[in-house]
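Me: I would like to go through a structure with you, part by part. Could you take my questions as they come?

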Amino acid sequence: MGSLSGNIQRPLVAAAAVIAASVSADVSEKFSSLRSLVRRPESEQIAASVSGSVHDERSLWVSQISDSKLKDLSFLSRIRVPVPNVDLLAPNPSCKLAASVTSLSALRSAYQSAELAKASKPAASTIGASLVVPDVSYKWHLPETNTVDLSGSSSCALEKNRTAVVLLGWLGSKQKHLKKYADWYTLRGYHVITFTLPMNEIMSYQVGGKAEKNVESLVNHLADWLDEEQQQKNLVFHTFSNTGWLTYGAILEKFQKQDSSLMGRVKGCIVDSAPVAAADPTVWASGFSAAFLKKNSVATRGSAISSFESNMGGINFSEPKPAATETALLLVLEKFFAVILNLPKVNRRLADVVDTLSSSQPKCPQLYIYSSADRVIPAGQVESFIVEQRKAGHEVHACNFISSPHVDHFRSNPELYTAELNQFMNKFVLASCHHSS
């Protein structure tokens with residue numbers, strides 16, 4: 001396996017980095033057991049992560065387990081989960097493919113992007129330019145030049161140029177992973193900001209440190225952009241996995257504290273592969289396991305649908321089974337998170353952000369893109385949250401992609417995905433300009 005910074009991309013440490021301003025601890029010291037879990041060979045990982053106090057001859061017990069014992073997992077009763085010394089952790093009928101679907105060939109066009117420092121702001125005169133500023137966690141992608149109508153002759157073109165789409169990546173995601181999403185929006189005339197949380201920043205997290213400053217910098221930058229030039233500018237958030245969703249919650253909290261009027265500038269929220277609004281150890285273990293194993297995890301594979309069952313009106317999934325190693329890792333992580341998520345400071349901080357996302361979201365339309373085949377975020381939990389948001393008076397739209405894996409809906413079904421985005425943006429974000437034209 002690779003290094004810790006290259007392998008973890010799921011909710012636990014992401015939530016810690018973006019929502020735990022009230023907690024003062026160094027993750028690099030507090031999570032030494034998780035570091036050893038990734039850096040050591042597979043034969044030692046589970047033993048090293050949960051049995052640090054065991055003698056040398058016992059610490060290698062995983063390598064002595066026979067295949068037969070591994071298959072029936074009887075050895076798992078020997079796993080002891082230590083209490084870590086930590087202070088910080090923080091088929092859907094509504095999905096209908098439009099008659100005219102944008103070709104994905106356009107997504108291969110190059111886009112203009114500007115990496116922005118804290119004090120930098122985009123201006124109309126910089127369209128097509130690229131301001132390269134190293135060491136930032138977010139980039140501002142400017143609209144394609146041929147899509148911008150500075151004369152104002154097209155009301156929708158002007159509205160798009162006044163809208164910034166904020167893409168909040170999953171933990172461990174990089175700018176290159178969000179590029180295809182940014183391309184899709186910039187090719188249609190929108191400004192785009194792509195925000196990621198590098199693992200090296202998370203694992204060296206301290207209150208007031210780099211990860212926290214990057215979130216604060218993003219919030220300040222958005223507030224400055226919304227306030228400039230006396231124009232009515234707006235935001236749309238597009239989040240990925242629980243990490244991006246929790247980051248969105250942290251941003252909303254800061255908006256409320258800094259200037260509550262900023263909440264009214266949020267015109268839409270698109271949630272991809274989320275949320276789970278509860279501190280569920282099983283869900284968090286699934287995400288962490290997928291991050292460790294990456295392509296070797298069943299979470300990265302979709303589910304096959306029985307054609308017979310589909311023709312009969314039902315759906316029967318043929319799900320891949322996890323390997324014995326992944327099954328063991330899942331059980332260990334479930335025990336670990338059962339401890340971590342119940343630490344008072346952790347539980348309280350997560351509850352605060354989830355409460356913001358549950359009861360204090362902007363009065364804007366929401367779109368949830370999820371899948372029954374998602375092995376990280378259960379579809380049932382997404383649907384339960386959707387029901388609650390509708391009860392709270394929000395306009396909510398959803399699309400179940402049925403068989404695509406976690407955060408892989410665009411790649412698995414690009415036509416349906418872009419059709420959903422087009423419909424949502426045209427119906428809600430651009431509603432005013434369509435009525436006036």
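Me: Before that, what kind of model is it, and how are residues numbered?

Reply: This is a predicted model, in which local features need pLDDT of at least 70 and side-chain atom pairs count only at pLDDT 80 or more, while totals for chains, interfaces and linings use all residues. Residues are numbered from 1 along each chain as its sequence is written, and side-chain values use heavy atoms, with hydrogens and water left out.

Me: How many aromatic pairs are there?

Reply: The count comes to 15 aromatic pairs. Rings of Phe, Tyr and Trp (its six-membered ring) pair if their centres lie within 6.5 Å; planes under 30 degrees apart count as stacked, over 60 as edge-to-face and the rest as tilted. One of the pairs is Tyr368 with Phe385, whose ring centres are 6.1 Å apart with planes at 65 degrees, so this pair is edge-to-face.

Me: Which parts does that pair tie together?

Reply: Tyr368 lies in strand S9 (residues 366-370) and Phe385 in helix H17 (residues 379-391), so the pair links parts that are 17 residues apart in sequence. Helices (H or I, at least four residues) and strands (E, at least two) are DSSP runs, numbered from the N terminus.

Me: Is Tyr368 buried or exposed? And Phe385, buried or exposed?

Reply: Tyr368 is buried at 0% relative accessibility, and Phe385 is buried at 6%. Buried means under 20% relative accessible area, exposed over 50%, and partly exposed in between (1.4 Å probe, protein chains only).

Me: What about Phe410 and Tyr417?

Reply: Their ring centres are 5.0 Å apart and their planes are at 0 degrees, so that pair is stacked. Phe410 is buried with a relative accessible area of 4%, and Tyr417 is buried with 0%. Both belong to one aromatic cluster together with Trp170, Tyr181, Phe240 and Phe401.

Me: Where is Phe410 found?

Reply: Phe410 is in helix H18 (residues 409-412).

Me: Changing topic: how many residues of strand S2 are buried?

Reply: In S2 (residues 138-142), 5 of the 5 residues are buried, so the strand is largely enclosed by the rest of the structure. Tyr138, Trp140 and Leu142 point one way from S2, and Lys139 and His141 point the other way.

Me: In what sense do S2 and S4 pair?

Reply: S2 and strand S4 (residues 191-195) pair in the antiparallel sense over 4 bridges; two strands pair if DSSP finds at least two bridges between them. The bridge partner of Tyr138 in S4 is Phe195.

Me: Now the helices. How do the axes of H12 and H16 cross?

Reply: The axes of helix H12 (residues 241-258) and helix H16 (residues 344-359) come within 9 Å and cross at roughly 80 degrees. That makes H12 roughly perpendicular to H16. Axes are lines fitted to C-alpha atoms, for helices over the stretch in contact, and angles run from 0 to 180 degrees between N-to-C directions. Angles under 35 degrees count as roughly parallel, over 145 as roughly antiparallel, 65 to 115 as roughly perpendicular and the rest as oblique.

Me: Which residues make the contact?

Reply: On H12 they include Trp245, Leu246 and Tyr248, and on H16 they include Arg349, Asp352 and Val353. Contact means heavy atoms within 4.5 Å.

Me: Is Ser273 buried or exposed?

Reply: Ser273 is buried, with a relative accessible area of 1%.

Me: And what does Ile377 touch?

Reply: Not counting residues up to four places away in sequence, Ile377 touches Asn242, Ser273, Ala274, Pro275, Val276, Val283, Val382 and His406. Ile377 is in the loop between S9 and H17 and counts as buried at 2% relative accessibility.
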